[in-house]
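Biologist: Please take one part of this model and look at it closely. I would like to follow the side chains and their surroundings step by step.

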Amino acid sequence: MSNGSSPVLEVKNLKTHFFTRTGVVQAVDDVSFSMYEGESLAIVGESGCGKTITALSLMKLIPHPGKIIQGEIHLHSDTGDVDLVKQSDRQMADIRGNKIGMIFQEPMTSLNPVLTIGYQLMEPLKLHLQMTDEQARKQAIELLRRVGIPAAAERLNDYPHQFSGGMRQRVMIAMAIACSPLILIADEPTTALDVTIQAQILELIRKMNQDLGVGVMLITHDLGVVAELCQRVIVMYAGQIIEEAPIEEIFNNPKHHYTIGLLRSMPKLGPHVKERLVPMKGLPPDLLNPPKGCRFQPRCPARQAKCAETPPLMPMGPRHRAACWFPEEHGA
């Protein structure tokens, strides 16, 4: 699925499971994909489909009792190729923030409430880039200016609770890009924000991608956000990738019936839009005991006997793959 440039990240056969008292939850089940230098890639799907756990697996920040039980995560950089799965906690601490930055859903859970914004911005600069206090302070002010925070020098001394939700998310973006990472992972970065602030944050992420060449991986359930920001889309369902294609293909020529269901349940704007929203029937499966074969088959309108066998990701066109035995022929 190359786009012509070299991959900066290659994920191969990743499995992340949660070992609970009631059984093993197959949160991420045999996921493989690549991300290319400077591209904007979306991972989409309903809540619980495995997209956030995929992102946390890349950072090795999986909460207990989760564990990567199989797979490789290769990060390619100017310092060589490393398999993140094999890195120690100390090695990962050096990679996080330095090579891969992450913006979390709720910045108040990621920012330390008892430390100033300046301290939290300057520490990674001193740690990863060996800057002096004065150099780090200048760079922290520049970062806050870059993400659109007014009176940046004065605000370095403020604490997280003194910032609005949108401003905290801007601080998180500043922290995530502080050390010029190769990849910026944004996990539902606009969830708790109002519509106007959402648009500003998405525009800011787009600028980081286009102006700084940072590869952006957007984790979201919102296909409207994807249309605004991303070049390529991976659709996940029940812990697996079920479709992968360039953005235009996903919207104009979706092949998997789950992708089509997602698109039909998305509101469309315009004076002549008369289509009714079509809710998707059924619920996502229990990942303690997922269905045999295609995991979408209990909800699929095109289900046939063959669907009891697990479909591989099959080519559907240039840079387009879908895991479906009976793909849609004419799009949504």
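Modeller: This is a predicted model. Start with the contacts of Thr-54. Leaving aside neighbours within four places in sequence, Thr-54 touches Val-28, Phe-33, Ile-43 and Met-236. Thr-54 itself sits in helix H1, residues 51-59. Its relative accessibility is 0%, so Thr-54 counts as buried.

Now move to the aromatic rings. The whole structure holds 3 aromatic pairs. One of them joins Tyr-237 and Phe-296: the ring centres are 5.2 Å apart and the planes stand at 85°, so this pair is edge-to-face. The two residues come from distant parts of the chain, 59 residues apart. Tyr-237 belongs to strand E9 (residues 232-237), while Phe-296 is in the loop between helix H11 (257-264) and strand E11 (314-317). Tyr-237 has 1% relative accessibility and therefore counts as buried. Phe-296 has 2%, so Phe-296 counts as buried too.

Phe-296 has another partner. The rings of Tyr-258 and Phe-296 have centres 5.4 Å apart and planes at 65°, so they are also edge-to-face. Tyr-258 lies in helix H11 and Phe-296 in the loop between H11 and E11, so this pair ties together parts 38 residues apart in sequence. Tyr-258 is buried, as is Phe-296.

Definitions and conventions
Residues are numbered from 1 along each chain as its sequence is written. This is a predicted model: local features need pLDDT of at least 70, side-chain atom pairs count only at pLDDT 80 or more; totals for chains, interfaces and linings use all residues. Side-chain values use heavy atoms; hydrogens and water are left out. Helices (H or I, at least four residues) and strands (E, at least two) are DSSP runs, numbered from the N terminus. Buried means under 20% relative accessible area, exposed over 50%, partly exposed in between (1.4 Å probe, protein chains only). Contact means heavy atoms within 4.5 Å. Rings of Phe, Tyr and Trp (its six-membered ring) pair if their centres lie within 6.5 Å; planes under 30 degrees apart count as stacked, over 60 as edge-to-face and the rest as tilted.
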